[in-house]
Amino acid sequence: MGRCWPLCVAVVLAAPPIASAQSPSELVARAVEAYDDLDLATAVGLIRRALAVQGPETLSLHEELRALSYLGAAEFYRDNQDSVLAAFQRIVKSDPRFQIDDLVFPPEVTSLFALVRRDTKVVRAEVPAVDRFRAGSERWTAQLYASSYHEILAAVARADGSLLRVLYSGLIGDSLEIYWDGLDSARTPVGAGRYFLTAQSTGRTGNVVRLLRVPLDVSASEIDTVPLPPRPADSLFLPERTSRGPALEALAGGVIGGVAVALLPSALASDTDPSASRFLVGGAMTIAGFVGFFKQRGGQPIAENIAANEALIGEWRLRYGDAARRNEELRAQVDLEIRAGPPTLVDLEGP
Amino acid sequence: VILRRAAAILGLLVLTAGNVLAAQERNRWMAAGIVGLANVTQSTTLDTTKLSGPVVGLEAGIRFRWAELRGRYSQGNLDQDEGGEGADLVEGELMLGVWPVKPLALRFGPRARSFVTPAGTIRWVFWEARARFEASLSRSASVWSYFEGWYVVSGSVNAAASFDNGRGIEGGLGFQIPSTPLQVRAAYRIDRGALQDDVRTEGVDALMLSIGVGR
């Protein structure tokens, strides 16, 4: 017995690994074989198992649509109408332009699929993953594909759902190219942020039945605007009205000086006989002081200063206007970069 | 004594100048001719003599920011009011000044006065400290008034008695003709000097008109 152990270990190690769980693709392949063998229940079961797999091994879109085609056909022959509709609607919502293979499936299945496709109003959007363009003068392009002829409203919306700019409102047949110049409804370049390309599909009753939302992350280039000239400093403005200072200076200098000249000599040189000319000079000084006071008393408008200030402010307004206009031109030349995210489809139609 | 007082006054002026506003008014200058009418009252313990007559002279000054230098010279032949002998009056001064604030100037310097008579010459020398207030009477500063008072900090006279005290004032109106450098000024001045115990006092007042140029 003791000599058997190495042999047993060797046999175990050399044996092929036990088959793990089959991949979704293999499940679909086995389902197709079962469908061809008319083992419809097995086919349905395998496909549902394959579609239920999540994670890295999940089916590609093409594989998924093919699997759904087989699922729909198998349910058709199993007479499960609701399951057929569900499978085919899922195909249409995933890819409105998908056609089931009429070489594989019989006409009654393909015609039913066509009916489902006609009645399932939905659009799919193809947008560049990253695009750069100049707002206003260039444009961003998206391609819309419709399941069938119906009315849509395509727009760019803000993150809160409010419409920023309607891009198209009307009927769509097979496909439609829509454009956005990066401006909002006020013809202003949008700022950086998250926006959404939305496409509302309207049903036969006029109600919105589906809403496609494609997130758009918009970044705007830095704008080198010219600085607005600051208002001239207060120190540059001349006083527009006279102040009291000069008037008081004139009053003090004239009147006090005049009185001093007239009266002080007697006190200064009492033993002298000051001449009367002191009254002439002192009187003239006093009168001149009063005249200077009244001519310069505060509140009088200074016309030349007012004109100089108006010229100063007018020149500033001109420069400010020029700079503001230049900035408007520069802001209209915003370069936008749009990164599109994965679309989501909101089904607004009741079950 | 004179030198000590002069040094003290000069020191005061320099200290004041150190605190003046950094940028005072623009630099200025003036030069003018003077005509005037002078009245002199000379009193001694014995009598009083009055003389009067015209004087003429020159004055000039320059101001650089807050510092200035001014000089004046005048002379005239005076007649005795009561018909006695006349005298020649010769007067000169040189003042150094500063403007610590815009309307106020402080000055210091010597002033000399001589009375020349056939009997001899009496010469006074005053070292004066002055304060001058100058006010603009019009917005364009083309009319101004000024008042100046001074005190003699030290003096001498060529007489038997020594100098005792002296003081004076001057006030007037100036007018600069617009757009020209022409200046006209009318002023009244009076000063008094006295010897010890008032053995002799001398008062001079004058009405002066000066016409010149300046900025």
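The lining of the second largest cavity is made up of eight nonpolar, two polar and five charged residues, where Ala, Val, Leu, Ile, Met, Phe, Trp, Tyr, Cys and Pro count as nonpolar, Asp, Glu, Lys and Arg as charged, and the others, Gly among them, as polar. This is a predicted model, in which local features need pLDDT of at least 70 and side-chain atom pairs count only at pLDDT 80 or more, while totals for chains, interfaces and linings use all residues. Residues are numbered from 1 along each chain as its sequence is written, chains are lettered from A and ligands numbered from 1 in the order in which they are written, and side-chain values use heavy atoms, with hydrogens and water left out.

By cavity I mean a set of points, on a 1 Å grid over the protein atoms alone, where a 1.4 Å probe fits but cannot get out, and lining residues have an atom within 4 Å of a point. Grid points are joined across faces, edges and corners, and the volume is the space filled by probe spheres set on the points.

The second largest cavity holds about 140 Å³ of space, and of the 15 residues that line it, Ser74(B), Glu91(B), Arg189(B), Ala206(B) and Met208(B) are the closest to its centre. Strand S4 of chain B, residues 87–101, gives the most to this lining, with four residues; strands here are DSSP runs of E, at least two residues long, and helices are runs of H or I, at least four, numbered from the N terminus.

How much space lies in the largest cavity? The figure is about 280 Å³, and of its 20 lining residues, Arg28(B), Met30(B), Arg70(B), Glu134(B) and Gln183(B) lie nearest the centre. Its lining has seven nonpolar, four polar and nine charged residues, and the largest share, four residues, comes from S1(B).

Turning to chain A, helix H2 (residues 24–36) and helix H3 (residues 40–52) pack at an angle of about 165 degrees with their axes 8 Å apart, the axes being lines fitted to C-alpha atoms over the stretch in contact, and angles running from 0 to 180 degrees between N-to-C directions. That makes H2(A) roughly antiparallel to H3(A), a term for angles over 145 degrees. The contact, meaning heavy atoms within 4.5 Å, includes Leu27(A) and Tyr35(A) of H2(A) and Leu46(A) and Ile47(A) of H3(A). By class, that contact has eleven nonpolar, one polar and two charged residues.

Notes. On a 1 Å grid over the protein atoms alone, a cavity is a set of points where a 1.4 Å probe fits but cannot get out, and a pocket is an open set with protein on both sides within 12 Å along at least five of seven lines; lining residues have an atom within 4 Å of a point. Angles under 35 degrees count as roughly parallel, over 145 as roughly antiparallel, 65 to 115 as roughly perpendicular and the rest as oblique.
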